Number of protein chains: 4
Amino acid sequence: MSNSLGKVFTVTSFGESHGEMVGIIVDGCPAGLPLCEADLQPDLERRRPGKSSISSPRKELDRGIILSGVFNGKTTGAPLCMIVRNEDAHPEAYEKTSSVPRPGHADYTAYVKYGGYADYRGGGRFSGRVTAGLVMAGAVAKKLLALLNVEILGHTSEIGGIKAIARDYDEVRKNAPANPVHCCNPQTAEIMIRAIETALKEGDSLGGIVEIIALGVPAGLGEPVFDTLEGEMSKAFFSIPGVKGVEFGAGFSVAHLKGSENNDPFILKDGGIATTSNQSGGILGGISTGMPVIARVAVKPTPSIGQAQRSIDLQKMEPAELEIKGRHDPCIVPRAVVVAEAAAAVVLCDLALRAGILKEVIK
Amino acid sequence: MSNSLGKVFTVTSFGESHGEMVGIIVDGCPAGLPLCEADLQPDLERRRPGKSSISSPRKELDRGIILSGVFNGKTTGAPLCMIVRNEDAHPEAYEKTSSVPRPGHADYTAYVKYGGYADYRGGGRFSGRVTAGLVMAGAVAKKLLALLNVEILGHTSEIGGIKAIARDYDEVRKNAPANPVHCCNPQTAEIMIRAIETALKEGDSLGGIVEIIALGVPAGLGEPVFDTLEGEMSKAFFSIPGVKGVEFGAGFSVAHLKGSENNDPFILKDGGIATTSNQSGGILGGISTGMPVIARVAVKPTPSIGQAQRSIDLQKMEPAELEIKGRHDPCIVPRAVVVAEAAAAVVLCDLALRAGILKEVIK
Amino acid sequence: MSNSLGKVFTVTSFGESHGEMVGIIVDGCPAGLPLCEADLQPDLERRRPGKSSISSPRKELDRGIILSGVFNGKTTGAPLCMIVRNEDAHPEAYEKTSSVPRPGHADYTAYVKYGGYADYRGGGRFSGRVTAGLVMAGAVAKKLLALLNVEILGHTSEIGGIKAIARDYDEVRKNAPANPVHCCNPQTAEIMIRAIETALKEGDSLGGIVEIIALGVPAGLGEPVFDTLEGEMSKAFFSIPGVKGVEFGAGFSVAHLKGSENNDPFILKDGGIATTSNQSGGILGGISTGMPVIARVAVKPTPSIGQAQRSIDLQKMEPAELEIKGRHDPCIVPRAVVVAEAAAAVVLCDLALRAGILKEVIK
Amino acid sequence: MSNSLGKVFTVTSFGESHGEMVGIIVDGCPAGLPLCEADLQPDLERRRPGKSSISSPRKELDRGIILSGVFNGKTTGAPLCMIVRNEDAHPEAYEKTSSVPRPGHADYTAYVKYGGYADYRGGGRFSGRVTAGLVMAGAVAKKLLALLNVEILGHTSEIGGIKAIARDYDEVRKNAPANPVHCCNPQTAEIMIRAIETALKEGDSLGGIVEIIALGVPAGLGEPVFDTLEGEMSKAFFSIPGVKGVEFGAGFSVAHLKGSENNDPFILKDGGIATTSNQSGGILGGISTGMPVIARVAVKPTPSIGQAQRSIDLQKMEPAELEIKGRHDPCIVPRAVVVAEAAAAVVLCDLALRAGILKEVIK
């Protein structure tokens, strides 16, 4: 069950980068949710490669197809099976380097773990392409969460050391979708794009940070002590290829904060309870507070770079130099935004159903 | 099952801070492992309060007791039930503030989630005291991992902005246990201690960072796409009260690194494969590479501080000022070290058993 | 996690027959349920040995103790840990035969599976004594189900070929608890008791059938295609030592029925929908229909008999004759009644919570 | 996760009777197993409708297609996605009766549980057609088990009260596949067929019993106390539409057996340990003994019968008479044989992997 996530709203991933398709099963979606293939497309579109100079030139339509679980335009309570076909797969490009693992990639660990049987073409199961499945599950989860008035916003807050800080949520909502790096600040977006283009010219790549903001999350989501909101979300985020760090609210900066600075005072607001600050990222004791849930996800620079790199020929067990051809993104951070949103949405949906909150809304 | 962690080596937590005991069930420990209560004590001792000026004055013996699963000095394959009694519980100290949630604590979210029925005394299930159970499970896991020559080292790498960088593993192994803040550098330890004492005088508290180093982890642990080594470990880390961030290897610094800087070149070493650097933290594609696994965990400043704070009286639904008395650590980072080690050990054990590696060793 | 059952209302079993205690963790019990140790006692009493000439002379008080999860007389939402101490354990009685497996017992399979490390005293984990934990979980589940007006009735419908058929539920409710074999018919109970006494004199034992009737189960419980009501219940029943068959409604008699005989016609009744017969045992498509849920469980004759039996000395790998001394029930069917009730209650509780039904009632 | 079964070898079912396809995901299949679509076909063929006068005239090719998880003719360790398309679906035949639930069918419970959103066409998720997925997973499991020299035999041991007792395994292996009712005795098969034809003429249907024999199962499979071999298998069997009872070895006949009759004496045989009889059905304490594992599964008469039946119009909430047209098997027992084999194979595979036995063989 290592390819399944969630206990009540459970997604199961399948498919390979250069196989016939990638897909996802969603088990536990309540019956009665209006759902059609068009609902999947906007998010798939945001993840789709081949749209600009700074993303992989692989040409994929990435049309989401629902194979089961929907009848008369509504979910039935049965498992949803959703797929995206691989149309521009060029598996032959990868044949020659299959025995020389790419530094920073999963080639070597997959080789060790699966005894050389793993589908290595384009990274196989380890390719970012597999996340198209999660994005479709995320689209379903977002539709469910919308019934609770929960909104998930994602944006690129850093690329190659260039930072953008969101001043308010409207800025994120409006600006992030409007530029190819999904940055909340249009000027900073331009600088990020140029940095990516420079890296590309140098045969190099850039990392960055994605920020996820979930607005309207009701208080009470999260199932301590182990299935905390942070724990479940971080596990989902780390399934995205290239993620090396996850933090919530003040995150790593708590290391130089005092309690008096980090504690969020409680106040009355609009007849309910709120906090004046949100250092906690909307989570205390692993449970949502009702304030916006804030997570940040560090995404490493794409390991596939044009420069020659040192590696090992696993067949001959001798040093080998590797030059990666293929088609790759010089920076996967922008495309990771919608995937991280999907991961957050799937987890929030699962925890809302586990808390008995979402089920009531559907009825 | 929100209080269970792990699929093959499964731990289940129970008990409250000021109830009769805290404990843990370990299901899935292979039969034949020599185990006695003395094996639990060194780690419990490192977590135990009341040992120095900078930790909670609560006096607990914290003697680990094994109630089931061991026969003739060896594990039987049946569930281990291990407990630590609460002896110095003063639940009455908490009665008066039970309706005014402490900022930064789980009081409010527990109140919302459990409808006012949660055991609020000393934080109940949300108290750091509950981690004594995880520490005992960690002690068992470490004994199993030792059969694979895996060693788990933990140390405090930052407190209140004061940083210590481990130059080598021997330094960590030797110095961290020798000072009350578990810092790898004795001089820095002194500075950290003084900073904590100052915070205590000011009625304040400090946060910090714990680093976990797992040496000897064989390549191949981790079960992508969802049960990655990072994902499983981060979920376990986030069960520790106060953790707000988790990163592996280069972590959040990948945001300003280039691929050519972040990729770890493969080399031949001692007849096997290694990498010249370890930016990946010993993990690629969610699977261990055979290099040391490096994780860092951000721990927030203790929310219980002596200063007056703003809160809400939940009964009257009106503002209230709160002054916390009780007994609290001004900085829980040092005591979190052994808990984070335990979390890492439990996860590695589970993944080793899932990979079929550990089982063979026991036989 | 092989010692855990249930996905939302999850029980985890621990303890051995001649260790310090047997116990159970219940994770997922909603907060706010009034619960005290006295609630556990009536069912523990029905399972307790040493009460009559036809049950094991082992003298146990079997007092249920709640170690966690209850505060101010109500459940808190945290895991319940409940135990029963072993007071009349005579482990030394088993030492001599430990290397000669008892026919019909788990001695041999435990030896193979756990490499000789299993606690063999009194059957260890395989003893019927371990079911005391399940009985306590069942007592909690019954309290929850009572909020839905669900009632669980159990009775002995057959022992040693002597059958009793319940004519109505009142008969079961009234008569079954009133005789030591828990038979719904007092006259048949007498015949059963004499049959057991005869078997005991002959150094032999008897098997039988337990029938479980769950009244008031709302329609809609069961999670197909795999977590059906029958599937989940049967898995729970088969955890009871000695169970070799499980059937629902018409059960095995469907093999000689026609569809026109086996189909239950739907009718309107009291403003709702019912069926005129109940061949389905209240379950269609793995989901409860709203009619009484009827299950029957076949329990084998106690394998521990006084007669000499053929076995193998595992150390010497040569034939050995075995005469079992110890203290054993000549027929465990009567004591299995309350255990089967508990298994059914735990499963119904889990499925009710999964269906979102029970949660609403607690609020 | 109600549509998933198994903890290490995990199958997840999806698809509807009259949707686009039915399918199954297999997660946890070890890498390196030779597998192609032709491997799925023999078992699919045995389940396929439209082959004889006594089975549904629905014409389906039932060609198994592998969409993921295989590369270069071998499993990769990634999830297998396998489907069978629905080609002869006539959903319109079911439209008119959708609001009048068929007695003995899941129509009513599905209506209650899924709020009227379930896909009712041909039974939707509750159709026997969904078991085609399980049959494909079973074909994979059988290939894995063959590496351990485990063989799964299934046969029809009773239809409409007509019984056939297998005298030896060769008879089952040879005769069962050779007649349309999959009976081990050719003469009895003829009688069964005539009985089915008679029932069909009368607009009626027949039930029966399927026996599953697993030869070569190594001792040690099963994970007590809850994940017993009987418990896991019975749960899998009860996912097959129409199953109302499951028993192992002596099964329900233990109710009239004495311990001295039911205990299987241990003997030495071929250097190992065996039992002279096999009343236990190869299972003691929930763990395999090394003797053949014997299970029997009671299958009810097809609820879809030609005779007029009493039901309720759910829209009008008034009595309604129902005459089922559609295309149905008068007896699903013969087609359930291969499905029950698949269920047993999937469970044995999961338990073998959990015991660490199968993994070693693949390497």
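Which residue of strand 11 of chain B does A:V246 stand opposite?

1. A:V246 faces B:V246 in strand 11 of chain B. Strand 11 (residues 243-248) of chain A and strand 11 (residues 243-248) of chain B run antiparallel and are joined by 3 bridges. Strands pair if DSSP finds at least two bridges between them; strands (E, at least two residues) and helices (H or I, at least four) are DSSP runs, numbered from the N terminus.

2. A quick word on the source: this is a predicted model, where local features need pLDDT of at least 70, side-chain atom pairs count only at pLDDT 80 or more, and totals for chains, interfaces and linings use all residues. Residues are numbered from 1 along each chain as its sequence is written, with chains lettered from A and ligands numbered from 1 in the order written.

3. Now to helix 7 (residues 229-237) of chain C: 9 of its 9 residues are buried (20 or more other C-beta atoms within 10 Å of a residue's own, C-beta atoms being placed from the backbone), so the helix is largely enclosed by the rest of the structure. Among the buried residues are C:L229, C:M233 and C:F237.

4. The axes of helix 7 of chain C and helix 7 (residues 229-237) of chain D, lines fitted to C-alpha atoms over the stretch in contact, come within 8 Å and cross at roughly 170° (on a scale from 0 to 180 degrees between N-to-C directions). That makes the two helices roughly antiparallel (over 145 degrees). C:G231, C:E232, C:S234 and C:K235 make the contact with D:G231, D:E232, D:S234 and D:K235.

Methods:
Buried ≥ 20, exposed ≤ 12 C-beta atoms within 10 Å, placed from the backbone. Parallel < 35°, antiparallel > 145°, perpendicular 65-115°, else oblique. Contact = placed C-beta atoms within 7 Å.
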